[in-house]
Each structure stands twice: as C-alpha cells, then as structure tokens.
Amino acid sequence: MDHQPKFFENLSGTGKAIGVLTSGGDAQGMNAAVRAVVRMGIYVKAKVYFVYEGYQGMVDGGDNIVEVSWESVSSILQVGGTVIGSARCKSFRTHEGRLQAAYNLVQRGITNLCVIGGDGSLTGANLFREEWSGLLEELAHNGKIDTEAVKKYAYLNIVGMVGSIDNDFCGTDMTIGTDSALHRIIEVVDAIMTTAQSHQRTFVLEVMGRHCGYLALVSALACGADWVFIPEYPPEEGWEDMMCVKLSENRARKKRLNIIIVAEGAIDCHNKPITSEKVKDLVVQRLGFDTRVTILGHVQRGGTPSAFDRILASRMGVEAVLALLEATPATPACVVSLSGNQAVRLPLMECVQMTQEVQKAMDEGRFLEAVRLRGKSFENNLNTYKLLAHKKPDAELPKTNFNVAVLNVGAPAAGMNAAVRAAVRVGITEGHKMFAVIDGFEGFAKGKIKEISWGDVGGWTGQGGSILGTKRTLPAKYLEKIAEQMRTNSINALMVIGGFEAYESCLQLQEARSHFEEFSVPICVLPATISNNVPGTDFSIGADTALNAIVETCDRIKQSASGTKRRVFIIETMGGYCGYLANMGALAAGADAAYIFEEQFDIRELQANVEHLTEKMKTSIQRGLVLRNENCNENYTTDFIYQLYSEEGKGVFDCRKNVLGHMQQGGAPSPFDRNFGTKISAKAMQWISKKLKETYRKEPGKVFANTEDSVCLLGMRRRNLVFQPVAELKSETDFVHRIPKEQWWLKLRPLMKILAKYKTSYDVSDSGQLEHVAMLPKEAVPAPI
C-alpha cells in the first residue's frame with residue numbers, strides 16, 4: 001500500500017458512551033462480537049454499557065442498562081447464543097416505547113449504539129436514529145430532560161453487525177453465525193450418512209431458512225446431496241419425475257444412500273410450499289425407497305461458535321467501535337460486514353432495501369432476479385451445485401479428446417478430496433477424460449495413473465486426508481520419468497492440489513519446459529495446506545479445519561482449569577514457519593499471547609507477557625492461554641517458555657503445556673474447506689478448459705502452452721479469486737522459510753493483543769471508508785463460478 005498507515009491512537013473515546021445490544025434471533029458468535037465491542041470500547045477509553053434483552057431492555061431501562069468492565073466479557077468467546085439476552089419487542093415499535101428508550105439512554109449519556117441482529121433489528125435502530133432529535137425535544141417539552149441535555153446529546157450514532165444464521169442479509173458475504181450453523185448441519189449429515197449407508201436409506205433433511213436458501217444450498221454443496229430445494233430457485237415443472245429418475249439412477253450405480261436437503265421456505269414455481277413430508281411421500285410412493293425425514297430445527301442455532309465466526313465477530317466488533325468513533329452527525333447508520341476477506345462499512349438502509357428487494361422478487365416470481373440480488377457468493381454456490389450434482393447423459397456431453405490429470409502433493413489437508421471431486425466432475429462435464437495420479441509426483445513417475453469417472457468420486461466431499469494419496473517429493477528428481485508418463489497417457493493439462501510443495505513443483509515443471517516439451521501444457525495449482533503458507537492466496541484449503549481443531553482443543557483445555565487454582569497453558573501449534581494457525585487460533589480462542597516467527601520476540605517480551613499474566617490473575621480471571629508456533633524461535637522452545645512461565649509465575653499461577661501435533665491435520669473437513677475446495681477447483685477446471693482451447697495447435701494436433709501465464713496458482717486475494725502465474729509469485733516468496741514475504745493476517749495481530757489488554761498500535765488504513773452496496777447491472781451475465 002502506498003498510503004501512510006493510519007493508526008487509531010488518535011481516535012479517542014473519552015467522554016463517549018457506547019451501548020451494545022443483541023436483538024432478534026440469536027446466532028453463534030454474537031458473544032464474540034459483544035466481547036470485542038466492550039474491550040475495544042474500554043481500550044479507547046469510552047464507557048461501555050450492556051443493554052440486556054435487546055430493545056425490550058432499552059425500553060424498560062433500570063438494571064437492563066449496565067456499565068461493564070473488561071472482566072465482564074471474560075470466558076464468553078466460546079459460548080453460543082448471546083449472554084446479554086435477546087427478545088422480540090413490541091413496545092419499541094410504538095412511539096411511546098422509543099421515547100422511553102431515548103430517555104433511558106440519555107440518562108446514561110449513551111449516544112452510540114452497536115446493534116447486533118438481523119435486518120428487522122437494524123431497521124428499527126435506523127428509525128430510532130432518525131427520530132432521535134425529535135424524541136429529545138419531546139422529552140424536554142415534557143420536562144423529563146433539560147435543554148442542555150438536548151444540545152449535549154443531539155445526535156445518535158448507530159453501527160450494525162448482522163447476526164443471523166440464515167445469511168440472508170444483502171451486502172455481506174457471511175453473517176455472524178452462518179458458518180457455525182453449517183457446522184451443525186454438516187455434523188448431522190455426516191452422522192446420518194453412516195446409518196443411511198447401512199440400511200440403503202433415503203434421508204430428507206429440513207434446514208432453517210424461511211426466506212433464504214443459503215444454508216440448504218451450501219450444505220448440499222458440502223455433502224454432495226442428490227437434490228436441494230431452496231426458495232430462491234424453485235425446481236421447474238415436472239421436477240417430481242426428474243428427481244425420482246435421478247434417485248433411481250444413483251441407486252442403480254450402487255450408491256447406497258440418497259440425501260435430499262429442503263430449506264424450510266422451499267417453494268415450487270407456483271409459489272406453493274415444498275415440505276420435507278411432501279418430498280418423503282413422493283419418494284416412497286414413486287420409488288418405494290425406505291425414506292426418513294430429519295428436521296434439524298434449533299440445533300442449527302446452538303452449540304459453540306466456529307473459529308471462523310469468532311474471528312469474523314471479533315473483527316467486526318473492533319471495526320464497529322472504530323466506525324462509532326469516526327461517526328459524525330452526517331454519517332448514515334452503517335453496517336460493518338465482510339466482502340471476500342475484507343472488512344467493509346456499508347450504509348445500513350441500502351443493505352436493508354436490497355434485502356427486501358430479494359423477497360419482493362421472490363413474491364413476484366422473478367426468481368433469476370432474486371438469485372442475482374442475493375449477491376455473487378450465493379450465485380456462485382448455486383452454479384457450482386448445478387454443475388456438480390447432476391451428470392448429463394453421455395450423449396449430451398461434449399468430446400474434447402483432452403486428457404487432464406489431477407494429483408495431490410505435500411502433506412494431507414482436509415478438503416483436498418472435495419477439490420478432486422469437483423475437478424473430476426467439472427472436467428467430465430467439459431468433455432475431458434480425467435485421470436487420477438496416486439501418491440503425488442512419486443506415484444506419477446512410477447506410472448500410478450488411472451482414468452477416474454463421475455461415480456468414482458461420489459461421497460468424497462466429507463472425507464478427510466487425501467484419498468488419492470500424497471507425497472512431499474518434488475518432481476525435479478523424476479522429470480524424465482514423469483515426462484514419459486505424460487507422453488504415454490497423452491496428458492494435456494495438470495491440476496496440482498497441495499501446499500508449498502505443490503507451488504514449488506509447478507515452478508520446477510515450468511523451468512523444465514526447455515528440456516521436456518511434455519510440460520508445455522496448462523498447469524494449475526490449488527493451495528491446500530493447514531499451514532496457509534502458500535504465496536498468492538489469503539486462504540488455503542485445510543487451514544479452516546485445522547483452526548477449528550486448535551480452537552476446540554483450546555476450549556477444552558481452558559475448561560479443564562475451571563474450578564482449579566490459577567493456571568496458564570502453553571500450547572504448541574503446527575504451521576512450519578508460518579504463524580497463521582498460532583495467531584488466528586489465539587484470536588479465536590481468546591489467548592493472552594501468540595509467539596510466531598514473523599514477529600521476532602526476545603526475553604524482555606517474554607518477561608512482559610509473564611508480568612501481564614500475573615496482573616491478570618489478580619482479577620477474577622483465573623486462567624491464561626499462550627500459543628506458540630512450532631518454529632517461532634529455535635532457542636525459545638515450548639519447553640523453555642513453559643519453564644520460564646513456571647518459574648516466574650511461582651506463587652501466582654502454575655503451568656501446563658500441550659503439543660497439539662497431527663490432530664491438526666486430521667478430521668472431517670469443515671464446511672468452509674469443503675465449499676472453498678469445491679468452488680476453487682471448479683473454477684480452476686474451467687480455466688484449464690479455456691487454456692486447452694487457446695493452446696491447441698491443429699498442426700501437429702497437440703496442446704502447446706509455454707507462456708508464463710499457462711502455469712497459474714488460483715488464490716483468494718482480498719475480495720476476489722485470481723489466477724496468478726507462479727513465476728510472478730517467486731518475488732513474493734521467502735523460499736528458505738517457505739512463507740510469503742507479506743501476509744495479510746499480520747494486520748490482525750494487534751487485534752488479538754488489544755482483546756488481551758495489551759497496549760499496541762493498530763493500522764486502520766483499510767477501514768473507515770463507507771462504500772455502497774454493489775449491484776450488478778440488469779444485463780450483466782453472472783459469472784459461471
């Protein structure tokens with residue numbers, strides 16, 4: 001970035017009072033948002049108040065509006081729901097109710113509100129803001145407050161955060177709680193799959209989403225469901241026959257189970273409801289399959305928030321306080337939200353209007369418009385699902401005569417199999433012959449390569465590890481043999497799914513083109529590693545699953561100390577030299593410190609951390625958590641840090657240490673990794689098809705791609721998925737430590753420190769600009785992925 005970093009130290013909250021409330025339906029992660037608002041507010045020297053029971057508490061006043069301290073939000077990060085309560089409030093809808101609420105706020109000098117809720121709650125907040133000065137004048141007229149107060153508290157600033165498991169709010173990619181709800185659904189689907197396999201059953205699963213099909217759609221994508229019903233995209237006439245044909249075809253292909261997912265608000269093209277019972281009866285009557293219905297209901301709202309939701313809510317909470325500090329009487333009420341991997345601020349009412357437009361389009365039967373209005377991410381999910389769920393009859397498939405090979409390289413990462421499945425199925429749809437390479441480049445050299453069909457990859461999305469097998473071996477020592485195998489099997493393109501080794505491998509293949517023209521074919525790398533250390537991408541497939549494993553363990557470890565004396569845990573995470581897991585794990589688990597290679601530390605810092613923990617233990621908080629990346633420092637080992645803390649903390653706290661090890665690589669992939677792996681793999685396959693067409697030479701009848709842009713890595717950069725030539729990424733890479741030279745998440749490091757009560761400087765150059773809700777022009781053709 002060329003501009004000067006802007007730090008928030010010059011933003012002071014002195015003299016300001018912030019009220020935080022949760023309203024509407026609860027969602028996992030709301031507590032993380034409340035915690036971030038409280039701690040960031042106190043950090044900038046503002047007063048912060050809890051408003052208990054949502055708007056009802058604001059109207060009732062009294063003990064419902066309470067000033068809070070740093071410790072008030074300790075240990076709530078891992079708790080689902082909302083600890084400050086939420087209630088539907090009729091009285092706030094009346095003028096008298098809002099008048100009373102304004103009085104209660106003015107009594108405490110609160111003129112900044114942070115509202116965490118759905119679109120109804122946020123619309124209410126905006127109306128309150130618009131009426132505010134009128135309400136104060138009315139209170140003064142009634143003799144409730146003096147004219148001085150009317151002047152002093154003349155403006156109300158509002159910032160919203162969207163907490164809703166449905167992800168039904170336009171303008172934000174993910175609302176707080178959506179990822180956790182997907183975790184609940186996928187846990188259930190994975191469990192049901194084993195019983196359904198045993199009995200050859202069909203399961204109809206009903207998930208939440210009265211007006212929005214996001215949960216149904218993404219969970220269908222994440223578990224490879226046979227059919228999905230959502231309100232935005234009703235099935236066409238005659239869907240009953242089509243679905244039954246599809247289910248019986250699957251059974252004929254020896255598939256022992258069928259999963260059908262129904263959103264609770266699903267409708268047909270005549271706006272008539274499609275219920276889970278109706279679907280079940282249809283399957284039983286037409287096909288005679290043993291069919292069961294499972295309605296997930298409020299399970300989806302429950303449980304502990306996922307790592308993604310905790311980090312999202314913590315980022316949003318801090319951003320919300322910054323937005324309130326910078327607000328002027330002229331700034332409209334805004335929502336802090338996420339676009340790609342970027343925190344953004346959007347005008348609240350623009351988002352609300354767009355959300356209402358979707359409903360209107362659905363009511364009027366303009367379903368394509370409704371999908372478009374839902375945004376790019378929703379549309380991509382729908383297109384990817386359509387691409388992968390239903391195989392066209394062979395007669396309808398194009399024939400390209402191209403052979404494409406897929407392989408895994410490096411350590412296993414959860415989500416690799418979902419990526420392989422998507423690649424194979426999209427490749428077949430595009431008309432290619434797909435080949436699977438077993439055991440990475442080592443297997444390639446030995447000729448372990450076979451054609452793979454549509455049915456071969458069924459059920460792969462939910463499998464952890466690497467089904468194809470993977471090795472860390474780089475191709476350099478087998479170049480001749482690999483070239484020979486590519487020639488023998490006439491391989492015209494490669495998709496390499498893996499971590500840093502996959503990236504290095506493709507650099508080697510590109511450099512070997514001058515000696516072996518077999519490598520002059522389109523090659524695409526998909527980043528898949530728990531360490532998230534591949535240049536050219538903010539996220540790698542597998543990192544989210546590993547992060548959840550770390551956070552879950554930290555929660556358990558923290559809980560093990562409750563009721564015992566004061567205790568500090570030192571936890572070692574994997575990641576090579578990349579501190580992503582340690583840093584983000586610390587942010588999501590509420591740790592006191594995270595030691596990473598990217599930010600060098602010395603004995604003075606260790607000493608300061610021990611003193612900080614000693615001070616903390618004097619309060620009501622009796623436990624501490626410290627994460628250490630495995631390679632952060634060769635001398636300050638986990639044992640050294642454990643012994644130092646044990647010695648220095650004598651008489652105040654005792655210490656325990658844990659090395660998490662390979663549990664971080666295992667487990668079923670998280671919904672995020674399944675979805676991310678599936679989407680980027682489908683997009684990469686379409687890129688390969690395009691490149692094959694571009695580089696095919698009629699004479700001598702083969703593919704010849706030798707430009708730099710024919711070996712690319714597909715990564716998520718801020719808001720977009722981008723193909724980057726691996727040769728260009730060389731300059732961004734520290735090859736000795738196998739990490740990118742610049743890493744976006746280091747910007748979130750101060751966030752963790754602030755929330756753990758350290759004084760630090762936080763670069764807020766990226767935030768602060770109010771944007772507008774992006775709308776696709778009517779004639780814009782949606783991108784295929």
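**Helices, one by one**

Guide: Helix α1 (residues 30-43) has 14 residues, and from first to last C-alpha it reaches 20 Å, close to the 20 Å expected at 1.5 Å a residue. That expected span is 1.5 Å times one less than the number of residues, and helices are DSSP runs (H or I, at least four residues), numbered from the N terminus. This is a predicted model: local features need pLDDT of at least 70, side-chain atom pairs count only at pLDDT 80 or more, and totals for chains, interfaces and linings use all residues. Residues are numbered from 1 along each chain as its sequence is written, and side-chain values use heavy atoms, leaving out hydrogens and water.

Visitor: How many residues of α1 are buried?

Guide: 13 of the 14, so α1 is largely enclosed by the rest of the structure. Buried means under 20% relative accessible area, with a 1.4 Å probe and protein chains only.

Visitor: Switching topic: how do the axes of α11 and α12 cross?

Guide: The axes of α11 (residues 348-363) and α12 (residues 367-374) come within 8 Å and cross at roughly 160 degrees. α11 and α12 are therefore roughly antiparallel (over 145 degrees).

Visitor: Which residues meet there?

Guide: Met354, Glu357, Val358, Ala361 and Met362 in α11 meet Phe367, Glu369, Ala370, Leu373 and Arg374 in α12, where contact means heavy atoms within 4.5 Å.

Visitor: Last one: how far apart are the end C-alpha atoms of α22?

Guide: In α22 (residues 671-695) they are 36 Å apart, which agrees with the 36 Å its 25 residues should span. 21 of those 25 are buried, so α22 is largely enclosed too.

Key:
Helix = DSSP H or I, 4+ residues; strand = E, 2+ residues; numbered from the N terminus. Buried < 20%, exposed > 50% of the residue type's maximum accessible area, 1.4 Å probe, protein only. Axes fitted to C-alpha atoms, helices over the stretch in contact; angles between N-to-C directions. Parallel < 35°, antiparallel > 145°, perpendicular 65-115°, else oblique.
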